[in-house]
Amino acid sequence: MPEAEATTGAIAETGRTSRLATLLQVARARPRFALGYVIVLAAVLAGALAPLVAPYSPVEANPAEFLQPPSAQHWLGTDAVGMDIFSRVIYAPRIDLAIAVAGTLLSAVVGCLIGAWVGYHSRGGGLRGWLAYLVMRAADVMQAFPVFVFAIALVASLGQSVQTVVLAIAFVNIPIYLRLMRSQVMTIREMRYVEASLVAGLSDARTIARHVMPNAMGPALAQLSVNVGWSILLTAGLSFVGAGVRSPTPEWGSMIASGFQNVVTGEWWPSVFPGLALAVTVFGFSLIGSSVELFADPVKMRRLTRDLAARRRERAA
Amino acid sequence: MRGLLPFLGQRMLFILPQLFGILLVSFFLIKSIPGDPAVLMLGPTATGDAVAALRTKLGLDHALPMQFWYFLVDLVHGDLGTSWQTTRPVLEDLLQRFPATLELVTFGLLLAILVGVPFGVASASHERGWLGRIANAYGLTAGALPDFWLALVLIFVFYTILQVVPAPLGRIDFAVLPPPTVTGFLTVDSLLAGDWAAFASAASHLCLPVLTLGLVNAGPILKMTQSTVERMLHSDYSRYEVLSGLPRGMVVRHALRNALPSIITIISVLYGYLLGGAVLVEIVFSWGGAGQYAVQGVLNSDIYPVLGFVLLSAIFSLFVYLAVDILYFAIDPRIGR
């Protein structure tokens, strides 16, 4: 058995095993990455199974039982109007994860498409080159804004709802993907296969879609997971100032905000538990992000697989 | 320093259009928020005539592009408009609140640097040791913590339970007379005035918000320091130094020096970001800073405070970036010589 393992290690070193096998190896060598996937899965399951698991309704107040400390009846206690905190905490991923994932995906799709177009036409002259230049300057202006104030203003002007929070998050994230994609495409555009595709008679749009985009997606994909975590923080922050999801909808940020005054007077549970859930979830996404980052970095991957193989040989000896 | 001046000139050339763009976007964005300031100012019982009269007085009866033009004309004359919430000129309000935010953010960032850089260097040079592991875990955790939540937890521990810091209500005790304004930083001003009571009060009010911002923002600084120093330590010149038998400390010091530009960049980005980004912490501590002022403006259709804040923080960020570019000239002998 150890011998077989040493061989797989050696094969991984030469890069001939499947990607999945390497990923599993990495997960075994660095358990914290596996932890990231477990956390995110748990958050998704909590949201999905909340109606089955939650002992109380997440939105119904029971004024007779306000600010109960954690107990057998209310595992995480109740808040100032008597809503069960455990039920609300496990319902919240439905809102928080949905908003963050939808917002991030939307910004990635829009940002990548615009970024690809801009990158493809950046060095060209004429109307298209000029338009590409203009888009980049617009992105400069967007990024010069204080992000938080910008997001609040967007939500306020579009009217407060879940959809507008998604739009606001998508909007503030677009420049990230736009820039990543643009710089990738600008390098790939010079490749021979792109030239070949054009010479073969494919249109610009088709060349971008079939040959440029797939080769340029890497960095943008690596950004996704970290970005989801960051968007969850932004969603919660918006709710915290009252510009996001409104109470009594179960959402971590607004739960923290509503327990704010209680914390000062000593009832810590209405704010601490939702914040903990939020922090752990974002932590899970950043772990996934760093596993993807490692996976996409050939130098570090090579070093890691080499170390793993060496360790196995040691153990075998 | 030959290349510096033309470089700065070119930089300035780009600033004006960018500032204009920022003002244009924020003007139309805030104007598109539903809610008529005239109605909000006069309250629900106001007559239609009174509202119309006030709208004329405020210039709200002009078309939007005209309103923007008037705003620009006033701006050139140093008038940022008036906030209807505080009924004071925005410039006055901001001059009072901006230093409050700046004091908070500056000390918070200093703490973040003090935590992030040494930890980052340590973890890069002991990749596989326990220090490296702790630094890794810290980097990941700090990025995941909502700052407003961490602030609440700190308040609970240090105010509610231990009672070692004052209540999270503003920058100085109500009973203590604030020192005469020189810099706007209460700690600095009270030291200048030799007022120890005021200094103690201001410093104790600063503790928790600075701790919050410092702990959270040490994360990105740590990560950047770690990854850049690590890369430098794996580079050929570091390997050569190791092979030549130079002491470990010296190799790391040289790697750090070469990593400095990236570290300074992330610090400058954080500095600009935090002016608006610290707003949640400001709210938790009732800090009365500029970010809070702007958020209140957005939530109450009070446009001029928002425009003033956006303008001032954009200008501030630009100055920070300029300072950073000049710093590059100073620390990197390869640039401009």
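**Notebook: predicted model, chains A and B**

**Entry 1**

I started at A:Asn262, which sits in helix α13 (residues 260-264) of chain A. I took helices as DSSP runs of H or I of at least four residues, and strands as runs of E of at least two, numbered from the N terminus. The model is predicted, so local features need pLDDT of at least 70 and side-chain atom pairs count only at pLDDT 80 or more, while totals for chains, interfaces and linings use all residues. Residues are numbered from 1 along each chain as its sequence is written, chains are lettered from A and ligands numbered from 1 in the order in which they are written, and side-chain values use heavy atoms, with hydrogens and water left out.

Is A:Asn262 buried or exposed? I found A:Asn262 buried, at a relative accessible area of 11%. Here buried means under 20% relative accessible area, exposed means over 50%, and partly exposed is in between, with a 1.4 Å probe and protein chains only.

I then listed the contacts of A:Asn262, leaving aside neighbours within four places in sequence: they are A:Leu67, A:Ala80, A:Glu267 and A:Pro270. A contact means heavy atoms within 4.5 Å.

I followed A:Leu67 from that list. A:Leu67 lies in the loop between α3 (31-53) and α4 (85-91) of chain A. A:Leu67 is buried too, with 17% relative accessibility. Its phi is near 50°, a positive value in a residue other than glycine. I noted the background: most residues other than glycine have a negative phi.

**Entry 2: B:Thr87**

I looked up a positive phi in chain B as well. B:Thr87 is not a glycine, yet its phi is positive at about 55°. B:Thr87 is in the loop between α4 (64-76) and α5 (90-125) of chain B. At 61% relative accessibility, B:Thr87 counts as exposed.

**Entry 3: B:Leu64**

I went to B:Leu64, in helix α4 of chain B. B:Leu64 is partly exposed, at 33% relative accessible area. Which residues does B:Leu64 touch, leaving aside its neighbours within four places in sequence? I found B:Phe27, B:Phe28 and B:Lys31. B:Lys31 is 33 residues from B:Leu64 along the chain, and their C-alpha atoms are separated by 8.2 Å.

**Entry 4: salt bridges**

I counted seven salt bridges over all chains. The rule asks for a side-chain nitrogen of Lys or Arg within 4 Å of a carboxyl oxygen of Asp or Glu.

One of them pairs A:Arg128 with A:Asp204, whose closest N and O atoms are 3.8 Å apart. A:Arg128 is in helix α6 (residues 126-144) and A:Asp204 in helix α10 (residues 204-216) of chain A, so this pair ties together parts that are 76 residues apart in sequence. Both ends are partly exposed: A:Arg128 at 48% relative accessible area, and A:Asp204 at 30%.

A:Arg137 pairs with A:Asp140, with 2.8 Å between the closest N and O atoms. These two are three residues apart in helix α6 of chain A, so about one helical turn separates them. A:Arg137 is partly exposed at 32%.

B:Asp93 is buried at 0% relative accessibility, whereas B:Arg88 is partly exposed at 30%. The pair belongs to a network of salt bridges that links B:Arg88, B:Glu92, B:Asp93 and B:Arg97.

**Entry 5: the interface**

How many residues does each chain bring to the contact? I noted 42 from chain A and 43 from chain B. The area buried between the chains is about 3,500 Å², of which carbon and sulfur atoms give 80%. Buried area is the accessible area (1.4 Å probe) that two parts lose on being put together, summed over both. I looked for salt bridges across this interface, and the rule finds zero.

**Entry 6: chain A as a whole**

Chain A has 15 helices and zero strands. I noted the span of its C-alpha trace along the principal axes as about 75 × 65 × 30 Å. Of its 317 residues, 48% count as buried. Among its contacts with a separation of 6 or more, 71% are between residues 24 or more positions apart.
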